[in-house]
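Reader: Could you walk me through this one? I'd like the definitions spelled out as we go.

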Amino acid sequence: MRRTTTLALAAAALLLAGCGSQSGGDDTGGGSGKVSPSASGTPSAGGCVPQAELTAADNGHILCLTKGGELRLTLDGTKDRPWKPVSASGPALEAINSGFVIQPGDASAAYRAKTAGTTKLTSSRPMCPEPTASGQVSCKGIQEWTVTVTVRQ
């Protein structure tokens, strides 16, 4: 019994230590600075990556992709608090097939870095679900998500 308790306490301590080592915040986002997405490949001399995957936790970040690189993103929402489709403004990225969105409320997108420049990706969702019955309090808050992507040669 004593050995089991000791092992359980050690496992809990390791689990809690691992939780504190993440950066980027939760899905409410709001951080700033360069993003450290799940990137594949070695960053180039300019700090750009050939591939990246983004989530809601990357809100407010800046990402540098190499030309020809690919970016995929998934914003996990709910049926009551759905993400709007991701919008891209700027010439640097071109949309490619992102696959199917399985869960109601999720937003998914994929892009290829086509030319040097900058593109801003945005989406939003309600902070609270809509009231289901009359007389319930309504919340009109909006959670916004934005990532700036710079493409370099």
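This is a predicted model: local features need pLDDT of at least 70, side-chain atom pairs count only at pLDDT 80 or more; totals for chains, interfaces and linings use all residues.

Reader: Which strands does E4 pair with, and in what sense?

Author: E4 covers residues 61–75. With strand E3 (residues 49–54), E4 pairs in the parallel sense over five bridges, and there Ala52 has Leu71 in E4 as its bridge partner. Five bridges also join E4 to strand E9 (residues 142–152), again running parallel, with Thr148 in E9 as the bridge partner of Ile62. The pairing of E4 with strand E7 (residues 107–113) is antiparallel and has six bridges; in E7, the bridge partner of Leu71 is Tyr111.

Reader: Is E7 mostly covered or open?

Author: E7 is mostly covered, since five of its seven residues are buried; buried means under 20% relative accessible area, exposed over 50%, and partly exposed in between, with a 1.4 Å probe and protein chains only. Across the protein chain, 29% of the 153 residues count as buried.

Reader: Switching to charges: how many salt bridges are there?

Author: The count comes to two salt bridges, a salt bridge being a side-chain nitrogen of Lys or Arg within 4 Å of a carboxyl oxygen of Asp or Glu. One joins the side chains of Glu70 and Arg112 at 3.1 Å, N to O. That pair links distant parts of the chain, with Glu70 in strand E4 and Arg112 in strand E7, 42 residues apart. The side chains of Arg112 and Glu94 meet in a salt bridge at 4.0 Å, N to O. This pair also links distant parts of the chain, as Arg112 is in strand E7 and Glu94 in strand E6 (residues 93–96), 18 residues apart. Through shared partners, the salt bridges join Glu70, Glu94 and Arg112 into one network.

Reader: What about the largest nonpolar core, which residues touch the most other members?

Author: Of its 22 residues, those are Leu65, Leu71, Leu73, Leu93, Leu121, Trp145 and Val149. The elements giving two or more residues to this core are E3, E4, E7 and E9, and the largest share, five residues, comes from E4. A nonpolar core is a set of buried Ala, Val, Leu, Ile, Met, Phe, Trp, Tyr and Cys residues joined through side-chain atoms within 4.5 Å. In soluble globular proteins, nonpolar side chains tend to be buried together.

Reader: And Leu63, is that residue buried or exposed?

Author: Leu63, which lies in strand E4, counts as buried because its relative accessibility is 4%. Leu63 and Val147 are 84 residues apart in sequence but 7.4 Å apart in space, C-alpha to C-alpha.

Reader: Last one: where is Ser124 found, and what is Ser124 in contact with?

Author: Ser124 is found in strand E8 (residues 117–126) and is buried, with a relative accessible area of 14%. Leaving aside neighbours within four places in sequence, Ser124 is in contact (heavy atoms within 4.5 Å) with Pro82, Trp83, Lys84, Ile142, Gln143 and Glu144. For the protein chain, residues 24 or more positions apart account for 63% of the contacts with a separation of 6 or more.

Methods:
Residues are numbered from 1 along each chain as its sequence is written. Side-chain values use heavy atoms; hydrogens and water are left out. Helices (H or I, at least four residues) and strands (E, at least two) are DSSP runs, numbered from the N terminus. Two strands pair if DSSP finds at least two bridges between them.
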